[in-house]
Structure formats: structure tokens, C-alpha cells
Amino acid sequence: MYECPNCGGNLRFDIRSQQLACAYCSGKFNPYEIAREKDAEEQNEYEVTVFCCPQCGGEIYSTDNTAAGFCSFCGAATILNSRLEKEKRPAFIIPFQKTKEDCKAEYIKRVRKAVFAPKELRNPKYIESFRGIYMPYWVYHVTQQGPLLLLGKVIHHSGNYKITDYYNLTGSLDFDYNGLSYDASVSFADNISERIVPFDAKRMKAFTPSFLSGFYADMADVGKSLYTEEAVNAANTQTKEYLEKELNLNYYNLGHYENLSDKYHTQCEGEQLAMFPVWFLCYRNKDRVAYATVNGQTGKVVADLPVKISKYLTASLLLAIPIFFLLNLILTVTPSVLLTAVSILAALVLVIYERESKEIAEKEGYKDDKGAMEGLRQKQAVMEAASALEGTEPYIMTKEQLRKKEKSHKPKKSQKKGEGVLSICIVLIYMGLTFGDTFIEVFLGKAGSMIIVFSALVFSGIMGYKGIIYGKEIQPRKRYPGFACTILMLAVAAATIVWNPVSDVYYYGTVLGLLIAVVITLLDLIRNYNILATRKLPQFDYRGGDDRG
């Protein structure tokens, strides 16, 4: 705690004034002028209270010793264990610019648009649980200095001749990127940290512990070299875009260069640890957890927003009824064509199912989170060391499993799906079917229907098989896969087309059964989306990676 020089009260950092404020005497003080004696004992360290969750092992720290009543990472409502510890000082900090009230207002704007989200996410008591946490970031300094030689060509025509002019474009580079930042916390998922940026690194200040008063901070447990390559590539990309756009060098049709770092003389001059402000909120539902984060400097909101199945089904039904009557007025089809159209619908749904299964496998295996992969590697090393002492085999994962995970790791762009993606897909499918029915009936006839239904069956079987493979990458599913009934009904549809019964009842019965199967698959699709919109409960029973030396 930091004591007020006037009355001895507890000082806390006031966001609006950017000073330490006393709640008792209303005094305001410069954070750099207020320090505890223990802060000055060692220039590279300062004393903090570390709070550890007894359920997930997540750790946050603060300069205050007030008991923390819930875990920001797993949502457990429990008093966190605390201990005093010395932490290494970060080099820089960006103080909070957005107050908690600002944060709540921005979050409410965002969640108001999520019409299918659970009502709990709008509960004022839930929103009140936003906690200000300084997240650790590695800030990289990258330079590009030296002579530049680019090869370009311009192609033009003169009469019947094609003329190519070649140019040697020379110059010198003097670029300095100081502020390329990547999160240094295993607990802060990459697909959140990548979307919550940018932070304005120009507004970084020299770190002093008093900025933490009234807030918490996360641990830096990712090595400083983990994101060096990403920082270098980011600098190369920005330089390339600048050269092409600002200097209009794209006019010369520049050649492709395999190694831009050599061409631009790119060097990483070093990295330093900084603390960036994030408002953090956790929503827990059984064995899954969702996070809402707000950039404490800009107010940008990034939130995991699951879908409430009952809300989605109600909205879909309200949307389907007018579409059904509209199509009934403008379209008349034969039973075989109707069955063919519904088969196409089923195949398209299975395409979406396969894509979501792939994304789930990547997310649950941490293939989209380089920091988490580093944490798994640290955990594996610890378990192997412990097993070597005890003479037992490691039980976290085998070396081969870890190797496969690292080999398959590919940085991903952030999730593009929103909570209304399924509704959009269904509307597009309905529009496609409106024209698809006419095409089948006029141009393809009976043979075309048979070809399309069998093709849909084979294609759906491939999609289903790939979905099973992706599912096994996570863990064997105990429940029946949601696409199985759709594939089964597609087989029935193919048999009906071949049989070609005289009575239309068989066609309509098969259509009804296939539609029911599609609805079942759609329900499973929503469950899959909710897996993508939430995360496994974290287990942070490892430390390491902070190699500031």
C-alpha cells in the first residue's frame, strides 16, 4: 500500500487525473514522487502481493494486499491465496486511460448487438466484475539501415511490339520500429491479444510500482525471444507497404524477394518488458469459460460471445416462416427436385460443420496460440525432469505428441465468425435454392437429380470423415456426432431417387426426415460455435519463460 503524505490514507491511481489520489483528504500526487522504502531497496525488483487461484493456479499480483475474491482466469468465486514476492521491474508502462465506467459503457454497446448471447452477459452484477489488469508485453526494437537495391520492370506496348524496361532502383533505408509489441503472458490468449491492439507505444512511460496501486498485473511467463521473428516480419511488411504505396514503387512491378530481412538489413536491436492496461471479465459456464476484454487505453472491446440455442432457434423460426411462404408463392417444384434441393442444403450444412470442427481442433490444441504452446513446452520439460527423478514416464504428453503440435502450429487470423454467422449462411442457402431448383428442373431433370443427390452423399461422407478426424485430435467424443443423422438421411434420399416410387408420399417423407436431420446437425453446429466462443478451463501450474536475466 502507498500511504498519503498528508493523512496516511491509502493512495490509488486515479485514471482521470493520472495521479495517485487519496480517498480521505482528496490529495493528488505524482506517481513518480511517491514510493515505498522497499521499492528503492533493489532497482531491478519491487515487492508485490501475489494472488494465486487454488483451482486453476492462475497468478496475478498487486502492490496492494487487499484480498482478491474471484479468479479472473477461470471465474472461480474463491478467496485467492496470497504471498509476498519480489518481481522484476518492467521497463515501461501505459497507465489506464479508460475508467471502469468507460469500460462498462463500451462493453454494453458491444453486447447489445449480440442478440443471441445469453442474458447473463448483460446482467449489471456480472458487468460490475470487470477488473483492471496490467498485461505484460514484450516490446521489440527493430531497425532497418543500409543501402537499398530493388529490381523493377515496366511493360508497355508500341504498335505490335511488347517492350520491357528494366530498372535498378537504389536508395538507402533508415527505418526505426520501436514499439512492436506481443503479449508475454501464457494466460492471455493470442487471439485476444492480437485483436485488442493497437496500444499507442508512444505514450509509454517509465515504470514505477505506484502505477499499479488499485489495479492488478499478470505474470510475464513467455520468453522474450518467442516473438522476435514475428516482430521482424511485421517490420519487413510495413516497410514493403510503405515503399510500394508512399513512393509508388509498385509502378515498376518489383520482383519477389525470398528474404526481406537481408534486403532491408533488418535487425532486432533488443526487447524490453512493458505493462499495458486491459479491463478483464470472465464468464464461466460449467467446464467452459469466456472472456471479455477492453483495451484500457483506447476502449476497444474484444469479447467471447456464445450463442443461446433457444434464442437462435426462435429467431431462425421467425425468419424461416416468411421465407417459406415467399418461396411457395413464386416457386413450384416436383417432389424429386425438392428432395434434390434439400440434399444440397444438407451438404452445405456439413461443409460448415467440417470447417468448425477444424477450427475447434486448432483452438483446443492451442495451435492458434504461440504463448500457450510455449507454456505446454515448459510444462512438458518440468514433467520430464520430475519423471526422470522419480523413474516414471511423463504423463502430460509424449515428445511425439508435442512435436506434432509444434509442427502443425500456424499463426491464425482472429476469428471472423460472429454470433449471427449461422443465420447469414441459412439465408444465403435459401437464396441459392431458389435458383437451384429452377436449374435442376429445367436443365437436368431426373438424371441430374440422381447425380446431384449421390454427389451430395459422397461429398458429405468426406466432410463427415474429416470432422471425425479433427474431433479425435482433441479427444474422442462420447456423444454421437451431429452430422451422422444427416449422412444417413442422404443415403435414404439417394435410395429414394433410385427407387423412384410412384407415390409422392415417399419423397415428401424423405424430405421431412432429411430436414429434421439437418436441424439436428444445425443444433450441433451451434454447440460447436459455442466451443469456439469459449475456452477450456485454464490450468496454470507452471512458471518460466521470463528470461530478462
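**Entry 1: charge over a ring**

I began with arginine 131, which lies over the face of tyrosine 216. I read 4.6 Å from the ring centre. I note here that the model is predicted.

**Entry 2: aromatic pairs**

Next I searched the whole structure for aromatic pairs and got 25. I picked out the pair of tyrosine 140 and tyrosine 182. Their ring centres are 6.0 Å apart and their planes stand at 70°, so I logged the pair as edge-to-face; the cut-off for that class is over 60 degrees. I then looked up where the two residues sit. Tyrosine 140 belongs to strand E9 (residues 131-158) and tyrosine 182 to strand E10 (residues 161-183), so the pair ties together parts 42 residues apart in sequence. Buried or exposed? I found both tyrosine 140 and tyrosine 182 buried.

I also followed ring pairs into a cluster. Its members are Phe13, Tyr32, Phe96, Tyr134, Phe211, Phe215 and Trp279.

**Entry 3: nonpolar cores**

I turned to the largest nonpolar core and found 41 residues in it. Tyr61, Tyr107 and Phe130 have the most contacts inside this core. I checked which elements supply at least two residues each; among them are strand E2 (10-14), strand E5 (45-52), helix H1 (100-112) and helix H2 (124-127). Strand E13 gives the largest share, 4 residues.

I noted a second, separate core of 30 residues. Phe73, Ile192, Phe276 and Cys282 are included in that second core.

**Entry 4: tyrosine 107**

Last, I listed the contacts of tyrosine 107, leaving aside neighbours within four places in sequence. I got Leu121, Tyr126, Ile127, Phe130, Leu281, Ala292 and Val301.

Terms used: Residues are numbered from 1 along each chain as its sequence is written. This is a predicted model: local features need pLDDT of at least 70, side-chain atom pairs count only at pLDDT 80 or more; totals for chains, interfaces and linings use all residues. Side-chain values use heavy atoms; hydrogens and water are left out. Rings of Phe, Tyr and Trp (its six-membered ring) pair if their centres lie within 6.5 Å; planes under 30 degrees apart count as stacked, over 60 as edge-to-face and the rest as tilted. Buried means under 20% relative accessible area, exposed over 50%, partly exposed in between (1.4 Å probe, protein chains only). A charge sits over a ring if NZ of Lys or CZ of Arg is within 6 Å of the ring centre and within 35 degrees of the ring normal. A nonpolar core is a set of buried Ala, Val, Leu, Ile, Met, Phe, Trp, Tyr and Cys residues joined through side-chain atoms within 4.5 Å. Contact means heavy atoms within 4.5 Å.
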